[in-house]
Amino acid sequence: MKLTILGCYSATPQIHTNPTAQVLAIKNHTFLIDCGEGTQVELRRNKVKFGRIKHIFISHLHGDHCFGLAGLISTFRLLTREADLHIYAPKGLKEVITLQMKLSNSWTNFKLIFHELSATSSELIFEDDKVEVYTIPLDHRIYTNGFLFKEKIGERKLDMNAVLNANIDVAYYRKLKQGSDVPDNSGNMVDNASVTLDPKPPKSYAFCSDTAYNESILPIINGVDALYHESTFIEKNESLALPTKHSTAKQAATIAKKANVGQLILGHYSTRYDDLSVFKTEAASIFPNVELAKDGKTFEF
């Protein structure tokens, strides 16, 4: 699982900083998470192949999280994209994008499939044989979701020495990987656990931006390998976080600690701060395994 930060600042784009956008590479998927202004430029800068993006997840309809989407869709069209594009977003984004396409006479030559979100409890919004994606209801000024990305448990691994010693025909290897007991060449049943190894533990990643401090998400994100949690402000500016329904670095770290996550990644910084180290210092006093997001930075877990 590899996370690439394309942008991790709040509000407006700056010369050297970008609003929220991320790419998560997981089980042969390339998921785009949020699409702030300038996202397609950062995709190019980070050498992410446009054609691999088939699913886009938008947390909410504030501009620093979705104003780059219309331009990206337009570029896909100019590149003669053919693959379907699925967009998971709050109800209303479909209306915005289709109106732009209508008034500019720029209908796509590929299927643009909107999955409109309106539920206020966590729901499964994407699933295939390897990955599940759930919403994480957040507490912001408008309807907002985070997203939980979970690998499914993989197939068991063959212990080839044990398999060969047990005289199991190759025709049964697939069933072994699926966890079944199988017969050996003499017709005797072989216990699966004696000839296979456990698969690697499935990994998970939670994206939470934007939100006020919100303990209701703890059961959803409990135990994830990595948590990206917004930290727009530091504690001394908590009075600014309250009316805007954002979080401080200390609050993000408190959520990470209570949810027993493996790693905390801070982001969505207010551009009022020149020195981001104060975010890490503040959070690390509560949750030591904390990293700062940075445009262009990658995380593997």
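Residues are numbered from 1 along each chain as its sequence is written, and side-chain values use heavy atoms, with hydrogens and water left out. Since the model is predicted, local features need pLDDT of at least 70 and side-chain atom pairs count only at pLDDT 80 or more, while totals for chains, interfaces and linings use all residues.

Let me start with strand E5, residues 85-90, where six of the six residues are buried, buried being under 20% relative accessible area with a 1.4 Å probe and protein chains only. Strands here are DSSP runs of E with at least two residues, and helices are runs of H or I with at least four, numbered from the N terminus. E5 pairs in the parallel sense with strand E4, residues 53-57, over three bridges, where pairing asks that DSSP find at least two bridges between two strands. Within that pairing, Phe57 is opposite Tyr88 of E5. E5 also runs parallel to strand E6, residues 112-117, and six bridges join them, with Ala89 having Glu116 of E6 as its bridge partner.

Turning to another part, there is an open sheet of seven strands, with mixed pairing and the order E7-E8-E9-E14-E15-E16-E17. Its edge strands, each pairing on one side only, are E7 (124-127) and E17 (290-292). Inside this order, strand E9, residues 145-151, runs antiparallel to strand E14, residues 204-208, and four bridges join the two. In this pair, Phe147 stands opposite Phe207 of E14.

Note on methods: Buried means under 20% relative accessible area, exposed over 50%, partly exposed in between (1.4 Å probe, protein chains only).
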